Amino acid sequence: MTIKIMIAAIPKLAELREVVLAHSEKRKPKWGFRIAVDIVMELQAQPCLLLSERLKAGGGKQAVLSFEGYAVMTPGAASAVDLKKRPPGSRSRKFSLLQFDGEPNWQLALGQRSWPYGSDVDSVAPLDDAILAALQVDGIFTQLTPERMLKPACMICGKALTDPASMSRWIGPECAATTSIRIFREKTDRRPISAYSIEEANA
Ligand SMILES: [Zn+2]
């Protein structure tokens, strides 16, 4: 069952999505963030498919903004979590962010979730709370601007970057020795969000 929650629009995130998709719809970066000591969250901009007339006639709503997200809560996680290999004992939740044509608010849709064998499904609730908190007005996802997230040139060699995944990494594929679309940013408590240190997640 999908839980749908209306949230206030996040204009900066919408702007960031536009910039990424304008550069490439194939190389959409997956931004990973640690949003709590034990929680890592990933977000990826998505293009919107045009709704067919038949679906519209059936009451379908045209999406004008779309993100796919994934969050994992791992007890005692101290290092970067590889989201592709869910650590044992972890809880996870897939989610999407959508805006429909003519609607000011966005919709957070909480989708598939997982929890360890033997524990209660309610143990996923703190993870859902953290996802929602990150998307609130003072949450970290309201602070992601194209200026902060995307750099036009490689920080190591200065070569111009056009691939949105490389622009998100701030480092070109040669210097980074990777073409991964996964970009992990570690948020520390001592520094403001604009001074994230960058840590390459295991691609
Ligand atoms: Zn370079």
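Tutor: The account below begins with the metal site and then turns to a strand and a helix.

This is a predicted model, in which local features need pLDDT of at least 70 and side-chain atom pairs count only at pLDDT 80 or more, while totals for chains, interfaces and linings use all residues. Residues are numbered from 1 along each chain as its sequence is written, and side-chain values use heavy atoms, with hydrogens and water left out.

Three protein donors lie 2.2 to 2.3 Å from the zinc ion: the SG atoms of Cys-154, Cys-157 and Cys-175. Donors here are N, O and S atoms within 2.8 Å of the metal (3.2 Å for Na, K and Ca); as water is not among the atoms, sites may look incomplete. The spacing of the donor residues in sequence is C-x2-C-x17-C. Helices (H or I, at least four residues) and strands (E, at least two) are DSSP runs, numbered from the N terminus.

Accessibility is classed as buried under 20% relative accessible area, exposed over 50% and partly exposed in between (1.4 Å probe, protein chains only). Cys-154 is buried, at 5%, whereas Cys-175 is partly exposed at 33% and Cys-157 is partly exposed at 46%. The structure holds zero disulfides, a disulfide being a pair of cysteine sulfur atoms within 2.5 Å.

Strand β5 (residues 91-100) has nine of its ten residues buried, so the strand is largely enclosed by the rest of the structure. Two strands pair if DSSP finds at least two bridges between them. Strand β4 (residues 63-73) runs antiparallel to β5, joined by ten bridges, and Tyr-70 stands opposite Lys-94 in β5. Six bridges join β5 to the antiparallel strand β6 (residues 106-114), where Ala-109 is the bridge partner of Ser-96. Five residues separate the strands in the hairpin of β5 and β6, in which Gly-102 takes a positive phi near 85°.

In helix α1 (residues 11-23), the buried residues are Leu-13, Leu-16, Arg-17, Val-20 and Leu-21. They cover an arc of only 125° around the axis, which puts them on the same side of α1; the arc is that of the directions from the helix axis to the C-beta atoms. Pro-11 and Ala-22, on the other side of α1, are exposed.
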